[in-house]
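Subject: Structure handover

Hello,

Here is the structure you are taking over. Please open it alongside this message and read the notes with it.

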Amino acid sequence: MEYLQEFPLVFFTLLVQMAVGMVLVGKCVLGNEADRALREGVRRQNVAALLLFAVAVIISFVHLGTPLHAPFTLLHVTQSWLSREIFMIGLMGLALLWLVLVGRKKHAVDGEKKAMIVAGLCGIALLFVMSCVYNQSTMPGWSNWSVFTAFLASMCLLGGSWHGVVLSLRKEGAPVRALGPCLVWTVLGLVLMAVSLPLAMPEQSAFVNPVSRLLPPACIAWSHGLHALASGLGVVLLALAAARGMQGKGFRPALTVPAFLLIVLGEVFGRLVFYLSYSRLGM
Amino acid sequence: MVACIDGHDLPQGVMWRRVAEYTGGKWVRRANGTYDQNVFSYYTSVSCNHCQNPVCVKVCPTTAMHKDEQGIVSVDPDKCVGCRYCEWNCPYSAPQYNKQSGRMTKCDFCKDRLAAGLKPLCVEACPMRAIHFGEYEDLKKQFGDAVHVAPLPEQSVTSPCLVITPPHNAQPVGSNMGSIRNPEEM
């Protein structure tokens, strides 16, 4: 495994997780709201999620040595988690496409809500399968539930903070009821990260195989600390913005945009550390 | 190792057979001022062990990595997508990525030579006759049970078809007494 080899995977996994988060948080932001403008806004975010997902899939091809053989990756769904992940990527892509197409129909509010739930559930299943690709007994640094919780954390943080930015940029102002879901999802992301790190760090820091290890064990703890710090600061800024919004002082992009950027920065750094913490049993 | 690279015309950085230099131990001062030591160093020559439970075959998404009826694990280049997932998982670093072809490559026991009734290149080239090739059960009869030593992983992980005659100072699997001192050659 080489350092630069990981960049496509960093962006592929994060963009997929963000797209899933955008759909799930969008569903909560919408709630049972009849506000047409808000519905239109969430609809546009579903389209953005589909585009982001498509970009992630394109980036994933950069990681392959022979991308033209990609159709063969569905041949081993019975045993290989990587094959299952690719199958789920296809399923998620179809679910997002369905969601966007349903949204284009007039009077399709109920259908759209159902499609959002289906796409969201499909997304969570995809993240589970994606985590199993890493949760393998021969790769002890990743061989536990920390990978799934870390992926869920990224989904919550990126999806929640993205909707925070979108709501703060609305000309007519953000509806107070919609601010809660953004904040709750990002806080949930932080909680999941707090669950994930203690599970991950002892395994990732264990000096399993100096030949396959890319990041010295001593670096892992402070690297994860920096990741948590950036995400924590982002959530605090978003909470401040939400508090101002709820007091009627305006839900300002001056706070939500830096919050989003901090969270994105933390996630990119954290994911890179995740890949560099790779180690393998044996030689 | 050189015969393998030469015979298969492997590009730079691709080594189907590698030799790990595992060394460790220390000098300890006794009460009377003299020193005792348990320093050790030995070599382990490893290529693909064509495991009975090959993790590379299990994780490969395309089924390019497969085990044939003779028990040889090899890559089908017409299917391999070059995702390198087998490389991540194999505890022996057997699958090696060829940047030029964008596909994985690995030891296939010199299939073409076996078909011609010859032995694999590494077996024929080893000047110390330290590498043998044959049916796994026959090798176990000849050299004893399949003992493994550090830095190899536990046999239970993939059930490799490998028998080792341990050197006198061999460390047990999982030992943290030593380390591989030639990682750049691995």
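Predicted model: local features only at pLDDT ≥ 70, side-chain atom pairs only at ≥ 80, totals over all residues.

**Helix α5 of chain A**

Start with helix α5 of chain A, which covers residues 146-168. This helix has 23 residues, and its first and last C-alpha atoms are 33 Å apart, close to the 33 Å expected at 1.5 Å a residue. Of the 23 residues of α5(A), 22 are buried, so the helix is largely enclosed by the rest of the structure.

Two packed helices are described by the angle between their axes and the distance between the axes.

*With α8.* Helix α8 of chain A (residues 253-276) packs against α5(A) at an angle of about 160°, and the axes are 9 Å apart. That angle makes α5(A) roughly antiparallel to α8(A), because angles over 145 degrees are counted that way. The crossing of these two helices is left-handed. On the α5(A) side, the residues that meet α8(A) include A:L157, A:L158, A:W162 and A:V165. On the α8(A) side, the residues include A:V257, A:F260, A:I263 and A:F274. By class, this contact has eleven nonpolar, five polar and one charged residues.

*With α7.* Helix α7 of chain A (residues 217-246) packs against α5(A) at about 35°, with the axes 11 Å apart. Here too α5(A) makes a left-handed crossing. A:L157, A:S161, A:G164 and A:S168 in α5(A) meet A:S231, A:G234, A:L238 and A:A241 in α7(A). The classes are three nonpolar, five polar and no charged residues. A:L157, A:S161, A:G164 and A:S168 are also among the α5(A) residues listed in the contact with α8(A). As background, an α-helix has 3.6 residues a turn, so residues three or four places apart point the same way.

*With α4.* Helix α4 of chain A (residues 109-134) comes within 8 Å of α5(A), axis to axis, and the two cross at roughly 135°. The helices α4(A) and α5(A) are therefore oblique to each other. Their crossing is right-handed. From α4(A) come A:L127, A:F128, A:M130, A:S131 and A:Y134, and these meet A:V147, A:F148, A:F151, A:L152 and A:M155 in α5(A). Nine of the residues in this contact are nonpolar, one is polar and none is charged.

**Helix α2 of chain A**

Helix α2 of chain A covers residues 36-62. Its 27 residues should span 39 Å at 1.5 Å a residue, and the end C-alpha atoms are 40 Å apart, which agrees. Among the buried residues of α2(A) are A:L38, A:V42, A:R43, A:Q45, A:L50 and A:F53.

**Where the chains touch**

How many residues does each chain give to the contact? Chain A gives 26 residues and chain B gives 31 residues. The chain A side has twelve nonpolar, 13 polar and one charged residues.

**Chain B**

Chain B has six helices and nine strands. Its C-alpha atoms fill a box of roughly 70 × 35 × 30 Å along the principal axes. Of the 186 residues in chain B, 34% are buried. Among contacts between residues at least 6 apart in sequence, 51% join residues at least 24 apart.

Several details sit in the loop between α6 (136-143) and β9 (178-180) of chain B, and B:V163 is one of the residues there. Is B:V163 buried or exposed? B:V163 is buried, because it has 20 other C-beta atoms within 10 Å, and 20 or more is the cut-off. Leaving out residues up to four places away in sequence, B:V163 touches B:L139, B:K140, B:F143 and B:A146.

Most residues other than glycine have a negative phi, and most peptide bonds are trans. Chain B has some exceptions to look at:

- The peptide bond from B:A150 to B:P151 is cis, with omega near 10°. B:P151 is in the loop between α6 and β9.
- B:S159 has a positive phi, near 50°. B:S159 is in the loop between α6 and β9, and is partly exposed, with 13 other C-beta atoms within 10 Å.
- B:H50 has a positive phi of about 45° and is not a glycine. B:H50 lies in the loop between β4 (40-46) and α2 (55-59) of chain B, and is buried, with 23 other C-beta atoms within 10 Å.

Regards

Technical notes
Residues numbered from 1 in each chain as written. Chains lettered and ligands numbered in written order. Contact = placed C-beta atoms within 7 Å. Nonpolar A, V, L, I, M, F, W, Y, C, P; charged D, E, K, R; others polar. Helix = DSSP H or I, 4+ residues; strand = E, 2+ residues; numbered from the N terminus. Expected span 1.5 Å × (residues − 1). Buried ≥ 20, exposed ≤ 12 C-beta atoms within 10 Å, placed from the backbone. Axes fitted to C-alpha atoms, helices over the stretch in contact; angles between N-to-C directions. Parallel < 35°, antiparallel > 145°, perpendicular 65-115°, else oblique. Left-handed = near helix turned anticlockwise from the far one by under 90°.
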